[in-house]
Amino acid sequence: MEKHIVVLGGDGIGPEITTEAVKVLDAVTCRSGHKFTYEYLKIGGCSIDEYGVPITEDNLKRLKECDSVLLGAVGGPKWDGCPSEIRPEKALLKVRKELNLFANLRPSRLFQQLSGASPLKEEVLENGIDLMMVRELTGGIYFGERCTKTVDGEEVAQDVMKYSHHEIERIGRVAFEAARKRNRKLTSVDKANVLDSSKLWRKVMHQLSKEYEDVTYEDMLVDNAAMQLVRNPGQFDVVVTENMFGDILSDESSMLTGSIGMMPSASLSGNTLGMYEPIHGSAPDIAGKNIANPLGTILSAAMMLRYSFSMTEEADAIEKAVNTVLNQGYRTADLTKDPNNYVRTKEMGSLVAEQLK
Ligand code: IPM
Ligand code: MN
């Protein structure tokens, strides 16, 4: 198969880590006979610097025409002063919306070799961690009306959290289907004891659960979910939740497994075009130092092969290669307490790529 991939390196450590993921994708082509071509485009702060906007209309159009998108990260202190309409993060939200990437899959799996890096106690990790967070990505408070105004001489700001039936139903279906392919358990996280948007969320999820009787379904309030994730993460299989709750809980669940640097993600629209990115962000403090962990991006590339290109074997091979390299004892700086003994970004990428050749 021949696939055309747009690579959006972005800001901070983004370009370094996407370079390593491309190295690994190229290693996959060596032995599989697939051909990947790459187109490098700007997004975020680097696009603001060059074009004055975080993403140009032309680049947005190119994204819609490619087979899949690999993204590093956007943002950094340099652009913190930008007006909110042209902040680097705006580009990410725009791409999600324009490409209709409403389903964000964020898997957290504990690699046994890394359990020492987890902040959780050994006894809490006994059941392992293997959960899939399904985060709604194009609705809710991220996309509701917002404004800042002066009322009675005082500044007032508001953001609206809004969900419609169909938005909830389509993300619910993605989550139930994911649960069917895994351990058939789904936890829907909401705040239905307070919010109307959550009451509708829960109602739609309950309706759907009748269609998926082979999946064990439960509701959980978001505050309790935050607590249960550290108390007993092994209880979760698939978790589905709205946009902002998912943003917060997925950072939490990624840390449980040792480092946010390991966590990949896929943003999907229901057709094969998807966007794949690590969830950790641009880490400007370590940018350009060749010490970032590229594994989250490499595992995101594996998700691209799995979800966009149906290359299951190749995706498995990348995940297995990462596992092998970790088994061999290689650690990036974020995964070890030993300041003198770690592998750097490029080396980690090469180690994984070597396994695939
Ligand atoms: C994420 C990020 C983004 C989000 C930011 C950069 C807008 O934190 O992908 O989780 O909040 O969705
Ligand atoms: Mn986030």
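## Helix α8

Helix α8 of this predicted model spans residues 243-256. Its 14 residues reach 20 Å from the first C-alpha to the last, close to the 20 Å expected at 1.5 Å a residue; the expected span is 1.5 Å times one less than the number of residues. Helices (H or I, at least four residues) and strands (E, at least two) are DSSP runs, numbered from the N terminus.

The buried residues of α8 are Asn243, Phe245, Gly246, Leu249, Ser250, Ser253, Ser254 and Leu256. Buried means under 20% relative accessible area, exposed over 50%, and partly exposed in between (1.4 Å probe, protein chains only). These buried α8 residues pack against the strands β4 (103-109), β5 (130-136), β8 (185-190) and β10 (238-241), and against the helices α6 (196-211) and α7 (222-231). Contact here means heavy atoms within 4.5 Å.

Helix α9 (residues 295-307) has 13 residues and reaches 18 Å from first C-alpha to last, close to the 18 Å expected at 1.5 Å a residue. Eleven of the 13 residues are buried, so α9 is largely enclosed by the rest of the structure. Among the buried residues are Leu295, Ile298, Leu299, Met303, Met304 and Leu305.

The loop between β12 (274-276) and α9 holds Ala283, and Asn290 is found in the loop between β12 and α9 too. Most residues other than glycine have a negative phi. Ala283, not a glycine, has a positive phi of about 40°, and Asn290, not a glycine either, has a positive phi of about 60°. Ala283 is partly exposed at 23% relative accessibility; Asn290 is partly exposed with a relative accessible area of 21%.

## Glu136 in strand β5

Glu136 lies in strand β5 and is buried, with a relative accessible area of 0%. Not counting residues up to four places away in sequence, Glu136 touches Phe102, Tyr163, Arg170, Ile171, Trp201, Thr241, Glu242 and Asn243. Of these, Asn243 is also one of the buried residues of α8. Glu136 and Leu221 are 85 residues apart in sequence and 16 Å apart in space, C-alpha to C-alpha.

## Val28 in helix α1

Val28 is found in helix α1 (residues 14-32) and is buried, at a relative accessible area of 3%. Leaving aside neighbours within four places in sequence, Val28 is in contact with Phe36, Leu305, Glu314, Ile318 and Leu356. Leu305 is one of the buried residues of α9. The C-alpha atoms of Val28 and Ala353 are separated by 7.9 Å, although the two residues are 325 apart along the chain.

## The chain as a whole

The chain has eleven helices and twelve strands. Its radius of gyration is 20 Å, close to the 21 Å that the globule rule gives for 357 residues, so the chain is as compact as a globular protein of that length. The radius is taken over C-alpha atoms, and the rule is 2.2 Å times the number of residues to the power 0.38. Along the principal axes, the C-alpha atoms fill a box of roughly 60 × 50 × 45 Å.

Of the 357 residues, 53% count as buried. Among contacts between residues at least 6 apart in sequence, 76% join residues at least 24 apart.

## Basis of the values

Residues are numbered from 1 along each chain as its sequence is written, and chains are lettered from A and ligands numbered from 1 in the order in which they are written. In this predicted model local features need pLDDT of at least 70, side-chain atom pairs count only at pLDDT 80 or more, and totals for chains, interfaces and linings use all residues, while side-chain values use heavy atoms, with hydrogens and water left out.
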